[in-house]
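Please look over the structure shown here before reading on.

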Amino acid sequence: MVERRTTFRRRPSPGRHPVHIGVDSFVSAVTDPTTERLIGPEERIEHLLEEIALADQVGLYSFGIGEHHRPEYYDSAPAVLLAAAAARTSRIRLGSAVTVLSAADPVRVFQEFATLDLISKGRIDLVVGRGSFTEAFPLFGLSLGDYDTLFTEKLDLLLKLRDSERVTWSGRHRPTLTGQGVYPRPLQDPLPIWVGVGGSPESFARAGLLGLPLMVAIIGGEPRQFAPLIDLYRRAGAQAGHAPEALQVGLHVFGYVADSSQAAADTIYPGWHEMFTKVSRERGFAAPSRAQFDATSGPNGAFFMGDPESVAEKLVRISGQLGGVDRISLQMTNPRLAHADLLRGIELLGTEVAPRVAGA
């Protein structure tokens with residue numbers, strides 16, 4: 001019989017709170033900044049698998065893959081990419097960043113990630129959320145008017161599927177279940193299910209009441225401003241009777257590591273400007289500037305960017321400001337970041353930044 005693994009670990013002793021470091025990827029379409037050649041999807045996915053294999057080799061804790069349904073990303077089927085990654089790695093935890101549960105069938109999501117857990121021998125984390133874009137809703141015939149109820153209802157079903165192989169359930173957005181079995185069952189018991197959140201207090205409180213680990217997406221402002229929301233999550237969890245070790249907190253942030261802070265900024269800025277100019281145009285915002293980029297990359301900003309020492313110091317400091325976090329994942333890809341530069345950033349994150357954070 002194969003021994004099942006549990007996901008929740010004990011909190012460290014007072015004054016000692018290790019922070020696990022990982023990478024998230026949206027598998028951006030990339031234009032090589034030197035040759036101006038657009039990297040095709042086949043080559044880009046091969047690059048992604050090389051990046052994940054390197055993250056495993058240099059000892060990083062986790063690698064997550066997002067889900068988007070847009071032409072500038074190749075991550076519309078994250079479970080397939082994670083399966084390929086699981087076959088090429090042996091230690092690193094793999095997960096979603098995030099699975100857009102509102103637009104998916106919870107039964108299929110559970111089956112896919114349970115299968116991934118078996119392939120990886122218990123190295124999977126399922127992070128579910130509503131996503132920062134809305135293109136999945138019309139693509140799958142869903143109404144944005146049901147934005148909140150879709151996620152709440154589907155999360156309820158997903159958790160019931162995790163807890164029992166046979167479920168009786170009914171709701172508005174999916175056909176009723178009348179005790180059918182859902183297979184396979186994952187190796188980990190329970191399968192780790194995290195809730196990905198932005199800035200809504202209701203989302204933080206809900207995750208706490210359910211006793212689920214929390215993954216906070218910080219894409220702007222100052223990370224320390226999230227402290228009251230994380231405190232709300234922990235208080236809600238405690239009031240609901242959940243053990244402190246169940247109430248894990250992770251951060252999903254933009255970041256990049258280079259041999260110097262100037263090199264990091266100069267390498268990342270062109271792609272950052274291209275990416276955020278496109279998003280700003282779609283949402284009616286003013287185009288971003290280099291001054292905004294520099295401010296957001298500063299000591300108190302949302303981007304974790306620079307040389308290994310400065311990035312490590314910022315990771316430790318922000319963790320302390322938020323009451324201690326369990327993991328921080330840097331979203332390091334952008335549309336004008338060369339593969340070699342991304343590999344170097346992953347190498348530095350694993351060999352230089354993570355040991356500094358662990359020793360702090």
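The sections below describe a strand, a helix, a cavity and a pocket in this predicted model.

Strand 8 covers residues 193–197, and five of its five residues are buried, so the strand is largely enclosed by the rest of the structure. Burial here means under 20% relative accessible area. Both faces of the strand are covered. Ile193, Val195 and Val197 lie on one side, while Trp194 and Gly196 lie on the other.

Two strands pair with strand 8. Strand 5, residues 124–129, runs parallel to strand 8, and three bridges join the two. One of the positions involved is Val195 of strand 8, the bridge partner of Val128. Strand 9, residues 214–218, also pairs with strand 8 in the parallel sense, over three bridges. Here Val197 has Val216 of strand 9 as its bridge partner.

## Helix 5

Helix 5 is made of 17 residues, 147–163. From its first C-alpha to its last the helix reaches 25 Å, which is close to the 24 Å expected at 1.5 Å a residue.

The buried residues of helix 5 include several leucines: Leu150, Leu155, Leu157, Leu158, Leu159 and Leu161. Phe151 is buried as well, and so are Glu153, Lys154 and Arg162.

## The cavity

Rolling a probe the size of a water molecule over the atoms shows where empty space is left. The structure holds one cavity of 30 Å³ or more. The largest cavity contains about 80 Å³ of space. Strand 10 (249–257) and helix 8 (261–283) are the elements that give two or more residues to its lining. Helix 8 has the largest share, with three residues.

Among the lining residues are Phe254, Gly255, Ile268, Trp272, Met275 and Phe303. By class, the lining has seven nonpolar and four polar residues, and no charged ones.

## The second largest pocket

The second largest pocket holds about 270 Å³ of space. Its lining has 17 residues, and Glu67, Ser76, Ala104, Val109 and Glu112 are those nearest the centre.

At least two lining residues come from each of helix 2 (78–88), strand 4 (99–100) and helix 3 (106–119). The largest share, four residues, is supplied by helix 3. By class, the lining of this pocket has ten nonpolar, three polar and four charged residues.

Notes:
Residues are numbered from 1 along each chain as its sequence is written. This is a predicted model: local features need pLDDT of at least 70, side-chain atom pairs count only at pLDDT 80 or more; totals for chains, interfaces and linings use all residues. Side-chain values use heavy atoms; hydrogens and water are left out. On a 1 Å grid over the protein atoms alone, a cavity is a set of points where a 1.4 Å probe fits but cannot get out, and a pocket is an open set with protein on both sides within 12 Å along at least five of seven lines; lining residues have an atom within 4 Å of a point. Grid points are joined across faces, edges and corners, and a volume is the space filled by probe spheres set on the points. Ala, Val, Leu, Ile, Met, Phe, Trp, Tyr, Cys and Pro count as nonpolar, Asp, Glu, Lys and Arg as charged, and the others, Gly among them, as polar. The expected span of a helix is 1.5 Å times one less than its number of residues. Buried means under 20% relative accessible area, exposed over 50%, partly exposed in between (1.4 Å probe, protein chains only). Two strands pair if DSSP finds at least two bridges between them.
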